[in-house]
There are 2 protein chains.
Amino acid sequence: MHYDVVGLGTAAHDLIGVASEAPQLGRKQPISTWIEAGGGPVPTALVALSRLGARTCMIGAVGDDSYGTRIIHDLAAEGVDICGMQVHPGNSHVAFVLAEPGSDRRSVWFRTDPSVLAAVQVDHALITRGRALHLDTYTGTAGLQAAHWAREAGIPVMIDAERVRDTTMDLLPLCTWLVVSANFGRTVTGAEPAAAAQELHERYGQMVVVTAGEAGSWCAHNGDLFHTPAFPVTPLDTTGCGDVFHGGLLFALLRGDPPRAAIRFASAVAALKTRAYGGRAGIPNLAEVEAFLQG
Amino acid sequence: MHYDVVGLGTAAHDLIGVASEAPQLGRKQPISTWIEAGGGPVPTALVALSRLGARTCMIGAVGDDSYGTRIIHDLAAEGVDICGMQVHPGNSHVAFVLAEPGSDRRSVWFRTDPSVLAAVQVDHALITRGRALHLDTYTGTAGLQAAHWAREAGIPVMIDAERVRDTTMDLLPLCTWLVVSANFGRTVTGAEPAAAAQELHERYGQMVVVTAGEAGSWCAHNGDLFHTPAFPVTPLDTTGCGDVFHGGLLFALLRGDPPRAAIRFASAVAALKTRAYGGRAGIPNLAEVEAFLQG
């Protein structure tokens, strides 16, 4: 089996409650909607790729609990190949997300078990079976190993970086497409998105995209710097927008779109996702993205 | 089959996250412990009764979702007879409880589906198969019907009342043991616990207990008013303490303990429950309560 994208990263399960009134701590408050969905930057990007029509495979670890079963099941149900998913003793990553209607504010309380993710095994054969490798910053030495193998095999590597973790700075020089949050850009360069994209591009010589939510994104590529606005939508829920932006960008780059077109495509995928609560329910298929871009 | 206590009320599933740092809204924060447990005032009282050695049966409704399956399973695993549990189309009651270590403060966000509880069917034969009936204030006309049948059959009725709901004030005159929260006492009488117990006792002529957490409880009975202090414990988690207080009180009253001894027994059950996170894990068995009362 060969894949368009092999992903390696944290796989999570999100419980999303939509508040019916302004949240307060120390109170007992009703929520209007309770949604459960798989989460994690890389798995959600792969789900977006899968809906767009790409072949994907996920490598990651879950704990030996009911959430682990659910996480793997939900990926398989989206057509993501789960042959790289592993179950290790411990707890799966699970989060309660308190969403507020009419506001982008989210409160997230999450449980994670570092020993589960640290136990993840990567396999050279599987890493080199993709046309691209997609990584987050949570996978430590396994992520580094996978990025090295991909580079050796001439396979491009995209990184989704939101925070700097133990191996993150070693991982960046191995990446072909550095697609990072404004917060990450600020942490690493001290600069705002446009200047951060420019500086990271100069430092690593690769295509850099710094995303900034509704402010759009800045891309530095081949000595060029350009801004792409976000599509003006009234979001119901922005959970997972960054994740699916990466999925859309990988899809467009792998089919040969030039950077400007690829980023516009990715922005459309992210904009459409905001139609529904949860990180995955609103992810569009290819026909929907094309209609949106033409509309 | 005959039972010591038949219960009718809301059955819930609680997801409890213990915060690792001071909770703030709008943040992404780790939690150290994630516990799942069945909840709801009446089911948790029945679990306490069951651990103490009583035969119990639960009447209630859950939605046709995975939480409903879990709620029923967890009751059955505790030895509570689930022959009165019903599955109706809709959502089960589920709550995320954010606990804070070293503090009694809890933030609760819950989803409930009134149509599920409104669909609950009560059966005369089952109601009259118990030596006592235990009710909360959520069951509307079904609760009223059950209380009427119990009274006709000479079966004592205990009510666990925290808030006034549509049928609550009609239910109170049908109850033998009114065991209500300080907040409920304040709402109905405008008075603090001691005076509220006295006034409710005068109004309904029945035994009234007003519970006030670590301040203990006030009981008005046969023209007498007395205070019972809570046992001095350092609680890990007070979730469900009120529920298991009711279970302990029913157990002691049904075996013939006089009110003072019965309330002391119930206070011990509640104190022991605080040993563990979640509404049920810490509930003691009879030997543990006796050892605690002697120690």
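1. Let's begin with B:Gly26, which sits in the loop that joins β2 (12-19) to β3 (28-39) of chain B. Please keep in mind that this is a predicted model. At a relative accessible area of 34%, B:Gly26 counts as partly exposed, because that value lies between the 20% cut-off for buried and the 50% cut-off for exposed. Leaving aside residues up to four places away in sequence, B:Gly26 touches A:Arg105, A:Arg106 and A:Ser107. If you want a sense of distance within chain B, B:Ala118 is 92 residues from B:Gly26 in sequence, and their C-alpha atoms are 35 Å apart in space.

2. Now over to chain A, where A:Phe110 belongs to strand β7. Is A:Phe110 buried or exposed? A:Phe110 is buried, with a relative accessible area of 16%. Again not counting residues up to four places away in sequence, A:Phe110 touches A:His93, A:Val94 and A:Ala95 of chain A, and B:Lys28, B:Gln29, B:Pro30 and B:Ile31 of chain B.

3. The contact between the chains deserves a look as a whole. Chain A gives 25 residues to it and chain B gives 25 residues. About 2600 Å² is buried between chain A and chain B, with 61% of that coming from carbon and sulfur atoms. Of the area that chain A buries against chain B, A:Leu25, A:Trp34 and A:Trp109 supply 28%, more than any other three residues.

4. What kind of polar pairing goes with that contact? There are 14 residue pairs in polar contact between chain A and chain B, counting pairs with both residues at pLDDT 80 or more, while the count of salt bridges is zero. On the side of chain A that touches chain B, the elements giving two or more residues are β3 (28-39), β6 (93-99) and β7 (106-111). The residues on that side divide into 14 nonpolar, four polar and seven charged.

5. Finally, have a look at helix α1 (residues 41-52) of chain B. Its twelve residues should span 16 Å at 1.5 Å a residue, and the end C-alpha atoms are 17 Å apart, which agrees. Eleven of the twelve residues are buried, so α1(B) is largely enclosed by the rest of the structure. Among the buried ones are B:Pro41, B:Val42, B:Leu46 and B:Leu52. Just after the helix, B:Gly53 adopts a positive phi of about 115°.

Technical notes. Residues numbered from 1 in each chain as written. Chains lettered and ligands numbered in written order. Predicted model: local features only at pLDDT ≥ 70, side-chain atom pairs only at ≥ 80, totals over all residues. Heavy atoms only, no water. Helix = DSSP H or I, 4+ residues; strand = E, 2+ residues; numbered from the N terminus. Expected span 1.5 Å × (residues − 1). Buried < 20%, exposed > 50% of the residue type's maximum accessible area, 1.4 Å probe, protein only. Contact = heavy atoms within 4.5 Å. Buried area = accessible area lost by both parts, 1.4 Å probe. Salt bridge = Lys/Arg side-chain N within 4 Å of Asp/Glu carboxyl O. Polar contact = N/O pair within 3.5 Å; in protein donor to acceptor, adjacent residues only side chain to side chain. Nonpolar A, V, L, I, M, F, W, Y, C, P; charged D, E, K, R; others polar.
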